[in-house]
Amino acid sequence: MSEQTDRFILGIETSCDETAASIVKNGKEIVANVVASQIDSHKRFGGVVPEIASRHHVEQVTIVLEEVMTQAGMSFKDLDAIAVTEGPGLVGALLIGVNAAKALSFAHQIPLVGVHHIAGHIYANQLVDELQFPCLALVVSGGHTELVLMKEHGSFEVIGETLDDAAGEAYDKVARTMGLPYPGGPHIDRLAHEGEPTIKLPRAWLEEGSYHFSFSGLKSAVINTLHNASQKGETIAPENLAASFQESVIEVLVGKTLKAAEAYGVKQVVLAGGVAANKGLREALTSAFTKLQDVKVIIPPLSLCTDNAAMIAAAGTIAFEKGIRGDMAMNGQPGLPLVSYE
Ligand code: KG4
Ligand code: ZN
């Protein structure tokens, strides 16, 4: 019997506003994890400014990489591969990570693996528990809202997606209208727990049986509610508006996930993306699935919900094992589609 050796993969993530590097053992165990957030630099603009993001990544990437190697107590020769977010994301931001990964791969002759950012978010769950198939991922981030069916490792079938705004985007836009700081998701989540859902807002179920989502109507309804109240000289308790908005988002997200889980007979449901940090969503998803005893729900800890490189290394390990390799022609791809590892 051949002896199984451990596999160490370095992950690099720079697709948006976090510069992150991590080393993961066998796709499951975090050896070292470093995240440099730029949120404070973007806050005063009310959103991520791409040029500022790129500049920060340039300044941070070498420091973050040195830090992760020190934390792990490893040298580059100990690595089996370097996995990097190839897309989607901001092109200028992606390029910094991709170029850092290419430089290290070339200099140290280490295989290079391109990773889709959403595959990364999904694989954050593999750092918590072993994925079991068929598995359904509810992906809710600043740029994506998707239900992804996985029949095996590295297989991704998008069965539903947003037709307009992503869930996180709706959170951030509603928060901005309410005068809350960027990113607004955590602020609405906190306020929602202080209020009651007293304001009637729409739920976008779309046509019968659809696993697609739509959040722009809800976002407009919140804006109209605020606008009408201010015209009448009335005030709306922000905590009640936050609670009502959050209830509408969560009811649809959880309702469709439950339906899809039943229809596809999945063994596991995993939550992924920045909005997975939402306390209300975490509670609602857990409680909805208590009635489906055979379906196991995994929800990553908060640090693995928002952007990080451990998730990229975890997804990269599967991609590496499936034979996916990048080369020196690799580029940042802002519109990269999520495709299965063949
Ligand atoms: O995955 P992520 O870090 O970046 C993208 O890949 O987009 O997600 C960021 C999004 C932001 O829209 C942020 O407002 C949202 O995740 N978010 C939350 C919470 N924490 C972060 N949304 C709702 N509730 C939260 N607690
Ligand atoms: Zn993300």
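Because the model is predicted, local features are reported at pLDDT of at least 70 and side-chain atom pairs only at pLDDT 80 or more, while totals for chains, interfaces and linings use all residues. Residues are numbered from 1 along each chain as its sequence is written, chains are lettered from A and ligands numbered from 1 in the order in which they are written, and side-chain values use heavy atoms, with hydrogens and water left out.

His121 belongs to helix 4 (residues 117–123), whereas Asp307 sits in the loop between helix 10 (302–305) and helix 11 (310–321), so the pair ties together parts that are 186 residues apart in sequence. Helices are DSSP runs of H or I with at least four residues and strands are runs of E with at least two, both numbered from the N terminus. His121 is buried, at 1% relative accessibility, and Asp307 is likewise counted as buried, with a relative accessible area of 14%; buried means under 20% relative accessible area, exposed over 50%, and partly exposed in between, computed with a 1.4 Å probe on protein chains only.

Ligand 1 is surrounded by 19 residues, of which the closest are His121, Gly142, Asp172, Gly274 and Asn278, a residue being counted if one of its heavy atoms lies within 4 Å. Taken alone, ligand 1 exposes 560 Å², and the protein buries 89% of that, with areas taken from the Shrake-Rupley method with a 1.4 Å probe.

His117 is also among the contacts of Thr85, a residue of strand 4 (residues 81–87). Thr85 is buried, with a relative accessible area of 1%, and, leaving aside neighbours within four places in sequence, is in contact (heavy atoms within 4.5 Å) with residues including Ile12, Leu94, Val115 and Ile312. The side chain of Thr85 makes a polar contact of 2.6 Å with the side chain of Glu13; a polar contact is a pair of N or O atoms within 3.5 Å, where within protein one must be able to donate a hydrogen and the other to accept it, and residues adjacent in sequence count only if both atoms are side-chain atoms.

Helix 9 (residues 279–288) has as its buried residues Gly280, Leu281, Arg282, Leu285 and Ala288. The elements that cover these residues include strand 6 (135–140), helix 6 (185–192), helix 8 (238–263) and helix 10.

Several backbone features are found in loops. The peptide bond joining Gly87 and Pro88 is cis, with omega about -15°, and Pro88 lies in the loop between strand 4 and helix 3 (91–108). A cis peptide bond also leads from Phe133 to Pro134, with omega near -5°, and Pro134 is placed in the loop between helix 4 and strand 6. Asn26, although not a glycine, has a positive phi of about 55°; this residue lies in the loop between strand 2 (18–25) and strand 3 (29–37) and is partly exposed, with a relative accessible area of 31%. Gln109 also has a positive phi of about 55°, in the loop between helix 3 and strand 5 (112–116), and is exposed at 64% relative accessibility.
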